Amino acid sequence: MGGVQKKKFERGCATNYITRNKARKKLQLSLADFRRLCILKGIYPHEPKNKKKVNKGSTAPRTFYLLKDIRFLLHEPIVGNFRAYKIFVRKLRKAYGKSEWTRVERLRDNKPAYKLDHVIKERYPTFTDALRDVDDAVSMCFLFSTFARTGKCHVQSIQLCRRLTVEWMNFVIMSRALRKVFLSIKGIYYQAEVLGQPITWLVPYQFAHDHPTDVDYRVMSTFTEFYTTLLGFINFRLYQTINLVYPPKLDSKELKTEDEEDYAMDSETALEKLSALSSSLARVVSTVEEEEAELDHFPAEEEDMEKMQEREKEQKEQEAQKKLFDGLKVFLNREVPRESLAFILRCFGAEVSWDKSVCIGATFDVTDETITHQIVDRPDMDKQYMNRYYIQPQWVYDCVNAKVVLPVADYFLGVTLPPHLSPFVVEKEGDYVPPEKLKIMALQRGEKPVQEEEEEEEEEDDEDEDEEDDEEDDEEEADEMNLKEMEQQRSQGKSLPVKVTPGKVKLENRARLEQEEKAEEKRLAIMMMKKREKHLYDKIMFGKKRTIREANKLAVKRKAHDDASKADKKKKGKKQ
Amino acid sequence: MISTVRKRSVDEEEEEEQLVPFDQNVSADGQEEDADGDLTDSEESIFSGLEDSGSDSDDEEEDDDKDAGQKITAKVKKIRRKKIPSEEDILKEKASPEEKPGQSKETEPQAPTVDEYEHDTSDEEDIRNTVGNIPMEWYKDYPHVGYDLDGKKIYKPIRNKDELDEFLNKMDNPEYWRTVHDKQTQSDIILTDEQVELVKRLQRGQFGDVNFNEYEPSVDFFTGEVMIHPVTNRPEDKRSFIPSLIEKEKVSKMVHAIKMGWIKPRKPRQSHIGQYYDIWATEDTTSILGRHKMHVPAPKMALPGHAESYNPPPEYLMTEEERLAWEQQDPEDRKLPFLPRKFPNLRSVPAFSRFIHERFERCLDLYLCPRQRKMRVNVNPEDLIPSLPKPRDLQPFPTTQALVYKGHTSLIRSISVSPTGQWLASGSDDSTVRLWEVCSARCLKTIPVGGAVKSVAWNPNPSVCLLAVALNSTVLLINPGVGDKLVSTTTDQLIQSYEAPDEELAKQPVTWSVTEGEELSLGLRLKIEHPKAVRQVTWHGKGDYLASVMPDPSSNQQVLIHQVSKRRSQNPFRKSKGAVQCVSFHPVRPYFFVATQRSVRIYNLIKQELSKKLMSNSKWISSMAIHPAGDNLICGSYDCKLGWFDLDLSTKPYKVLRHHKKAVRGVAYHKHHPLFASASDDGSVIVCHGMVYNDLLQNPLIVPVKVLKGHVITSDLGVLDVTFHPTQPWLFSSGADATIRLFT
């Protein structure tokens, strides 16, 4: 006995965490500075496992940081810089107050600034780490580059964002890394695969933003500050990996100096030309096109062989996708989103041009006879050339996602477009798959698409249609059956609606009996589950049931819609 | 404040100004100047701009008279103060200065000595009427309009002009258009041509003075031409040849500051060309700190689904009701943070209004959201299901409903099978006891007993044919007279052979009586009258002792043990330990089980002491059954639980089974087979395999093998009692639907 009495909360997890206010006091920073520091250094609060213990017995909602993180911040040179900036502001104010303009000028010249290079290196010790986190950076830069230069943030940062995004897009084009695109109601999603890392970013549509009042732009610009630094370094490195010159220069062979006098400044022209995305970039070693790295064959065992084959197949597919639009010559009408389309088309090897008045860098004219496709987003065109397709922009996006050049018939001028599906959805078993996706999958497998239009033109092939419907229905029914079965296994089937033919009675019965027996066994076993496991099991089953229910709901909705539209069609046909 | 103060000073001024005429009349000039001295100052401070313009014109006319100048400025001020002077006002204002000369002529003869107003262009004080600048409406009700300089009243014209006069005047008088009515003097003034011209000019926005040239050529202050001669011919100062000390001081200060590092040289402007370099050129693994291993990377933004498309498949669009529901939900609860919409083509897609919001929220998540590593359980639900021996391997057990015993008209509370397994007795709320043949479901006998039967129990001794029935506050011993005649007669003989003991017994808690007459012919043999209502009767294994339960927590006479052969009863407990639910004898050893509301007590009958108390962990025990080997016990409770107690193991239940959805009403063990069953209000009977091993180290194996359904739930009651056949793996259950069912 004896000894000093142990005090509570002086050891264990309580000492590993620190509240935000305490951290702030420890660092002697204002809240705003602390926030900036956390953003730049990537420090985030942690949720302790036992919150009550960490919170010293209180249950008040608090955010906790790891004490180690905060200690780590203590030695950050940026903190010193924050303090210097505070002093700078104070001096500046004083100088203004005294109207000492020379002093003001001098102070402004010596405004303390900091670099984030070391932070980048510290947060991302390897390049792959950095690539993994670049999603948000690219999205943010794209957003900022669309801001008007009106004082929501510094003009320099907007310009820098624009520059970096243009560099990024050029890199993606040159490395042909784009994989998926998606036109959503929010903006355009792109997914590229850079060094094996999928990178997704979202670009808003080209409209002026109405800036919301409940958004703290200081936070956003702090993030942007960090992200621009990160993206700059990543761009540099990426350009290096594919032997491009950084900062990017246009390939001198293709460089034309015709319309240079349209722009006032050389630097401006350069960026504009880069952002036109129409010509390739200069390489460090300007000779050889990179050779396709072929997979070496290693003697492998059977399991590995399968994997190898799979990998090879994937590789081939990718190669094919990279050359998706090779040989196409596409002209963009002025009403389509030029940058997005030029970017995508160039990524997959097409030649792109547009009207000269739309943007710098047009390479050929509308009148060019070799144009294969013209992308148009208006109900009708006055002057149409015979030897080219006039298609709506969605075709490009759908082709990229389907990895095949889709038939253009569905995308002609003024035609009701087929639904645009998200390429990011990976359907698992039991999930709802929209019929359009099934069609595309069939196309990918190389099956011939059913010529629906011809059918429509050929009178009213009710039978055909019905057959088709039946097929679809069958599929749906099969799906539903599956779902039902799944449900049944759980809730022990109450008399399956099975057709019973006299001859097969026994067989059916036996199977059914067996099934029932199994189901009952399972039910009885479930009864014997422990409470905890039962809870978990119920939860899982609830989730499964919910997904099934949702899938069913979608299927039902679709069917109703299809029926309605078919009825409409028939009515119209009769009227005609 | 300042403005109000200023206003006040202005007001004062005006007062002063209005007073001025009187002063001027009375006092000397010098005084007046003094008085106005400070006024000037204040005025300058307020209307400096106006004053300039005003005084300019005045200066020419009168250089000396400052006061007059003051007054004019005040006048200008007044005009300014009237926001939009109407035409008439302007006319009047302009008219009044014209009045002045004439007026001064009038006054001249009156005051020849002091000719103050000779050059007075001020129109402020119309000295013909001394009321000052007041609204003339105040004189509306008086015959006069004010006072002249001598203090005499100025009378209004006798006849006021009315509308008609006005009209006639307008028609007749060619001068009408240039006539202005002066309210202060109530006189009409006819404007001269010059005055009219002036008014017109002012209306046009021109200068009043015709001769004023607005566009005079500007004269530069300094000429732009280079002059050949210097402006001054002054020789250069000496100091311009001597190094300046002050400058030297300044320079030395700066030099000092530079030396001390106070002034830093301007930093070279960083160009963005060299801003970026290959920061990962040397990727050393040492730079990967422990921090990075501890790092919890933020999850990436969720990828968009089909619903987010600008042209989604029709099934992803919301119907009207869904949309309404979506709108009414809280933004946090919504499954989709946006409304799916369909656009016919790309050009009609508008900007997403919450784009910046969403990006901002992502930023907030990145730096504000607490992160925690959570292991997501990726369990196959099939793995969670325990692997039990298959029911098929645990046969025999009752699987199907074989017979239904119909006959009772009300719910059957209790059933009991004869030890031979040939007969079944049932007691119902319709005040009858029925005897059935098990195999044929035939009702052999119906014995009306005159009260709802709470409990029936066959004597377990096969050589005796006796049935104990509990109803109201009596326990009846009935010889049903079914089966072997010999047994039946021996039973009767046994009962009749009783001889009252010689010595008088201590007072018994109950009264035993022998039945006679009709009751005897029905089979009733003995009647045991209890002081209170009896809930349950149960036999000892040998068949001589009988225990009855009268649940009442307040009395100590809840359980009575009767000895049939001696017709004796005794109360084993001195004290009440709560309401007794049911009791039971140990099948082989002298133990007695008493189940109260929450616990089961086990008494040693020989030692007469409490040997064990089992905690049931349930709210309210309903029934209890003891394993034929005597080491295990099951306990059903109204909170849907069934507890299995291993008496050797613990006083807590070895296993609690929550199979039923509603209250468990009855439980039973099979005598030979390792089976037990529980009956519940949810209308089902669950049969479980409950294997007890002789090896003490091995725990009993409990496997549910069958859920038997058949009883109809009536008035929220399902199956009320359950019992097994003594030899076969058959199960009887009685329900609230007035049927007994046999499951084989």
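Select residues 155-175 of chain A, helix H10, together with residues 338-347 of chain A, helix H14: the two pack at an angle of about 30°, with axes 8 Å apart. Helices here are DSSP runs of H or I of at least four residues, strands are runs of E of at least two, and both are numbered from the N terminus. Axes are lines fitted to C-alpha atoms, for helices over the stretch in contact, and angles run from 0 to 180 degrees between N-to-C directions. H10(A) and H14(A) are therefore roughly parallel (angles under 35 degrees).

Show the side chains next. On H10(A) the contact (heavy atoms within 4.5 Å) involves Arg162(A), Met169(A), Val172(A) and Ile173(A), and on H14(A) Glu339(A), Phe343(A), Arg346(A) and Cys347(A).

This is a predicted model, in which local features need pLDDT of at least 70, side-chain atom pairs count only at pLDDT 80 or more, and totals for chains, interfaces and linings use all residues. Residues are numbered from 1 along each chain as its sequence is written, chains are lettered from A and ligands numbered from 1 in the order written, and side-chain values use heavy atoms, without hydrogens and water.

Move to chain B, which has 13 helices and 33 strands. Of its 744 residues, 40% are buried (under 20% relative accessible area, 1.4 Å probe, protein chains only).

Now select the open antiparallel sheet of chain B, ordered E19-E20-E21-E22. E19 (580-585) and E22 (609-615) of chain B are the edges, each with a single partner strand, so one side of each lacks a neighbour in the sheet. Strand E21 (599-604) of chain B pairs with E22(B) over six bridges (pairing takes at least two DSSP bridges). Finish at Asn604(B), which stands opposite Glu609(B) in E22(B).

Definitions and conventions:
Angles under 35 degrees count as roughly parallel, over 145 as roughly antiparallel, 65 to 115 as roughly perpendicular and the rest as oblique. Buried means under 20% relative accessible area, exposed over 50%, partly exposed in between (1.4 Å probe, protein chains only).
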